[in-house]
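Here are some notes to read with the model open beside you. Could you go through them point by point?

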Amino acid sequence: MPQRYYLLSLLLVQLPAHAQNLASAPDTTRAVRLPEATVTGYGTRLPLRRTAAAIGVVDATTIERFNQTSLTQAVNTLPGVRLEERATASYRISVRGSTLRSPFGVRNVKVYYNDIPFTEAAGTTQLNLLDPAIIGRIEVIKGPAGSVYGAGTGGVLLFENRKPRPEEARAQVGFTAGSFGLRRYSVVAESGTATGYLRAQYARQSVDGYREQSALRRDVFALDGEFAPSEKRTLAVHGLYTDINYQLPGGLTRAQYEQNPRQARPSTATAPGTVAQKASYASRTALLGVSHEYRFSDRFSNKTTLYNSATTIQTPYLVDFERNTGVGWGGRSSFNYRTTLAQRPLRLSAGAELQNSFEDSRSYQNLAGVPGTLRYDDEIRTAAGFVFGQAELELPAGFLATVAASYNRQRYRIARISDAAKQPTNYQFERDFQPQVSPRVAVLKELTPRISAYASVSSGFSPPTDEEIRPSDGSLNRALQAERGTSYELGAKGNAFNNRLTFDLALFDFRLRQTIVTRTTDAGTSVFFNSGNTRQRGLEAAVSGWLWRPTTEAATLGTAQATGLRAWASFAYNHFRFGTYQNNDQDNTGKRLTGTAPQTLAAGLDANWQAGFYLNPTVSHQARIPLNDANTAYVTGYWTFGTRAGWRRTVLGHLETDIYAGIENALDRRYSLGNDLNAFGGRYFQPAPGRNYYAGATLGWKI
């Protein structure tokens with residue numbers, strides 16, 4: 001490891017979830033997430049210090065450190081986690097691994113929104129449906145979590161909405177304007193009681209875009225409520241509606257990228273470009289989920305969540321024009337029981353999750369943004385489900401042992417109703433993946449009352465998504481197999497010096513078999529195949545600590561309004577390599593894993609003054625990454641710097657104000673984010689925005 005990264009890793013900072021960036025009177029609604037804070041984790045809600053897994057936390061304070069137009073920068077403050085945007089709001093994410101099978105969208109990562117399975121039954125996730133302003137907290141479980149959360153080898157993201165304080169109500173409006181035509185509006189109304197809360201929020205965002213053909217418009221409405229009809233029951237309702245439309249600029253060659261990074265993919269003599277074809281993505285999605293928790297006794301409880309979703313998607317691209325209509329439904333139920341074994345505390349949990357979806361997918365010729373002749377019409381039915389069980393036993397000498405496993409099933413049924421080419425003739429295709437058991441074993445040791453160390457072994461299996469089995473060219477990939485992986489992990493975390501310093505350190509060795517990789521054809525179609533195996537080893541380190549804090553501070557540590565100067569940083573070292581991988585006559589054995597950086601770094605300061613002023617400078621770095629499996633093409637690494645400053649204060653006891661301004665990519669670095677891997681014709685590059693500014697204000701009236 002280069003010396004500069006080694007030194008940085010020794011100065012570790014805990015994840016920005018523990019950072020603090022407010023500066024007025026104490027307000028426990030913005031509490032810093034210290035290691036003692038409770039996390040959902042694997043469902044048992046233990047303090048982070050006593051959870052035998054690598055879990056990163058991003059809270060509202062972290063999100064507000066950056067421009068709230070995107071989640072990218074906030075999530076990328078976590079070591080081992082990379083969220084990218086190929087186009088405005090076109091997310092893809094990697095947790096401790098590659099983006100090999102994610103040319104677009106979020107795959108191989110399970111996502112939950114307020115306990116609702118947000119990832120579709122087929123394995124894809126529309127992360128762009130969530131506006132940063134509605135999110136109060138994100139937990140990221142790194143590595144396979146199939147023992148409790150089912151199929152997947154790339155980790156789990158748990159999203160929670162923002163919640164008002166008990167016995168408090170407020171109305172709030174906000175406005176942000178910035179470079180490249182950015183306009184953002186938000187309205188919030190919320191009320192909390194001793195037994196529940198109700199919150200409604202609307203956010204509208206539009207931007208012309210840094211690149212040609214990269215404009216965005218998004219409207220998000222969220223309604224969340226929770227109340228307790230009795231001491232034993234809690235009922236929660238979560239509704240979400242998103243209307244989003246964004247343009248797709250397409251990938252550039254290196255020569256085009258260096259000549260003019262703001263251009264869209266140009267037309268050629270043989271094919272039109274993205275502007276001529278009006279390439280874009282538009283969807284309308286509604287989600288409704290209901291959760292019911294019943295406490296039979298102090299020891300025994302059940303929580304059940306049911307949901308239903310509906311979506312319409314319209315995507316004109318270089319060749320095809322897709323119109324998809326889908327519905328999804330399902331639920332999750334878990335039982336928790338606390339007892340003793342040999343006079344030692346024992347926590348048991350068991351449950352099941354089931355998801356179903358139906359999609360009518362029609363593909364037409366794209367005639368400059370207008371659907372032409374029907375190419376094919378498919379009906380796709382997907383069923384996925386699993387049952388799980390887990391036991392946690394408190395052992396003598398500060399040990400905690402965990403044993404868990406799940407049994408997983410997934411099935412696709414694809415019916416081709418119409419095919420203009422008549423090849424193959426109308427068909428019925430069914431793919432039922434072999435049931436898999438995903439176990440997990442972990443041991444944690446409390447070294448001191450504030451510091452713990454742990455070791456874990458977990459496995460997972462990740463079947464292909466329907467878009468991988470049936471890419472947009474209408475073909476069927478009958479040979480594609482599910483990925484299977486096993487992760488070995490050691491870690492330590494805790495706090496020291498009277499909670500003035502927190503740290504989190506993890507070492508992992510992840511071995512993946514039947515790795516799914518992708519390449520992009522000249523028509524922009526992504527096709528997939530199994531490459532053999534990969535080995536992904538790495539180190540993740542994060543630390544934060546107070547550099548200065550007034551000795552007369554009235555606010556307690558753990559309230560985000562505490563004044564002072566706090567530093568944070570996170571670092572990841574990745575040694576990711578292909579194992580045995582023969583691609584036609586190309587031997588890629590031992591090559592670096594495509595699309596992954598060997599080092600990433602994020603660091604910053606949170607300066608807060610008692611008068612209400614705050615300043616949050618941040619710096620981030622990503623080393624150069626290979627763009628193809630043969631490692632013959634690379635994108636250069638980059639450093640970026642940005643900062644946000646403002647004044648946040650409650651005036652007259654009721655008027656909440658936050659006036660702010662910020663700059664991103666302050667040094668105007670040219671870099672590519674969300675690269676197209678193994679792209680035909682070397683069209684790898686998706687340029688990120690240059691130097692840009694934003695400013696805005698939020699005003700609220702608190703009762």
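1. First, a term we'll need: on a 1 Å grid over the protein atoms alone, a pocket is an open set of points with protein on both sides within 12 Å along at least five of seven lines, while a cavity is a set of points where a 1.4 Å probe fits but cannot get out; lining residues have an atom within 4 Å of a point. A volume is the space filled by probe spheres set on the points, with grid points joined across faces, edges and corners.

2. Some ground rules. This is a predicted model, where local features need pLDDT of at least 70 and side-chain atom pairs count only at pLDDT 80 or more, though totals for chains, interfaces and linings use all residues. Residues are numbered from 1 along each chain as its sequence is written, and side-chain values use heavy atoms, with hydrogens and water left out.

3. Now the second largest pocket. Its lining is made up of Arg 519, Phe 529, Asn 583, Asn 584, Gln 586, Asn 588, Asn 628, Asp 629, Ala 630 and Asn 678, around a space of about 240 Å³. Sorted by class, that's two nonpolar, six polar and two charged residues (nonpolar is Ala, Val, Leu, Ile, Met, Phe, Trp, Tyr, Cys and Pro; charged is Asp, Glu, Lys and Arg; the others, Gly among them, are polar).

4. On to the cavities: there are 12 of 30 Å³ or more.

5. Stepping back, the protein chain has six helices and 39 strands (DSSP runs numbered from the N terminus: helices are H or I, at least four residues; strands are E, at least two). The C-alpha trace spans about 75 × 60 × 55 Å along its principal axes.

6. Is Tyr 112 buried or exposed? Tyr 112 counts as buried because its relative accessibility is 3%, and buried means under 20% relative accessible area (exposed is over 50%, partly exposed in between; 1.4 Å probe, protein chains only). Beyond its neighbours within four places in sequence, its contacts (heavy atoms within 4.5 Å) include Tyr 149, Phe 159, Arg 332, Glu 353 and Phe 386.
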